[in-house]
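These are my notes from going through one model.

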Amino acid sequence: MSKAAKAFAYMQKEIDWKGGGFSAAVSTGAALAVPGLLLAHARGVPSFYIESVSRVTGPSLSGRILSAHPGIKLSCQYRSWAGGKWHYRGTVLDRYAHIERSIVDDPQVFVTLGTIQPYRFDALVDGLLATGLVNDRTVWQLGCTGRSNLPGEVHSEMSSVDFDAAAQSADLVVTHAGVGTILRLLDLGIYPVVVPRRKSHNEHVDDHQHQIADVVAEQAIGAVMPPNLITREALIEATGFSVRGL
């Protein structure tokens, strides 16, 4: 709450609310959603909160706080919990569909685990190593999952330019179920292999990655695999698809 209070004070002081010409304030669940939208509404700016696509079963803490304010318009991306103040508006994942392409038997692989701290994801790395598909052509973006003696090119972090280049050069992209990463890969036309992190294995703070992975599977815009079910055959099969925007 102290960070939110500091953000509120900063935005109140630094933003020219009268002269800025703002027609609306919109947030999709970033850390500054609550102070930003409350302040915008208080300054007469129409304010809208669109809950993140990762919130499959209900609103986040920010969403619950903002729902108590009568002047902020609320939207969600799932029909299952829409109602009351929450209006269903579809999901950003509706914009994509898979298409078939030729299967690659010996794919060049790009692996991205995101940069979330302090959660490692060794199970994904070990699962891929067991398939025998990773080699000197493989590119790894591991975040805090530092490993030695991995074949290929290893990074803890990558710039957006380098990330896009590695993803587009690969025949197969394997990712954790981070929403931002998945959306970027879909925008690049990539049909990802999505491996959700598990709270029970101390791979994330909760199991929301399983929820977003389930949506990816339902929409058929990626192949979803638990770490212990990663197989060579399933990975090769996933090279037979790409994604197009609708």
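I looked up Tyr191 and Phe241 in this predicted model and found both buried, where buried means under 20% relative accessible area, exposed over 50% and partly exposed in between, with a 1.4 Å probe and protein chains only. I numbered residues from 1 along each chain as its sequence is written. I kept local features only at pLDDT of at least 70 and side-chain atom pairs only at pLDDT 80 or more, with totals for chains, interfaces and linings using all residues, and side-chain values use heavy atoms, without hydrogens and water.

Aromatic pairs. I paired rings of Phe, Tyr and Trp (its six-membered ring) when their centres lie within 6.5 Å; planes under 30 degrees apart are stacked, over 60 edge-to-face and the rest tilted. By this rule I count five aromatic pairs. Tyr49 and Trp86 form an edge-to-face pair because their planes are at 70°, with the ring centres 6.2 Å apart. Tyr49 is in strand E2 (residues 47–50) and Trp86 in strand E4 (residues 86–88), so this pair ties together parts 37 residues apart in sequence. Helices (H or I, at least four residues) and strands (E, at least two) are DSSP runs numbered from the N terminus. I noted Tyr49 and Trp86 as buried. Tyr191 and Phe241 are a tilted pair, 5.0 Å centre to centre with 35° between the planes. Tyr191 sits in the loop between helix H6 (179–187) and strand E10 (193–195), and Phe241 in strand E12 (residues 241–245), 50 residues away. I also found Tyr49, Trp81 and Trp86 in one aromatic cluster.

Gln209. I placed Gln209 in helix H7 (residues 208–219). Is Gln209 buried or exposed? Gln209 has a relative accessible area of 1% and is therefore buried. Its side chain reaches the backbone nitrogen of Ala177 at 3.1 Å, which I list as a polar contact (N or O atoms within 3.5 Å; within protein, one able to donate a hydrogen and the other to accept it, and residues adjacent in sequence counting only if both atoms are side-chain atoms). Leaving out residues up to four places away in sequence, I find Gln209 touching His176, Ala177, Gly178, Val195, Pro196, Arg197 and His204, a contact being heavy atoms within 4.5 Å.

Whole protein. I count eight helices and 12 strands. Buried residues make up 47% of the 246 residues. Of the contacts between residues at least 6 apart in sequence, 60% join residues at least 24 apart. The C-alpha trace spans about 60 × 35 × 35 Å along its principal axes.
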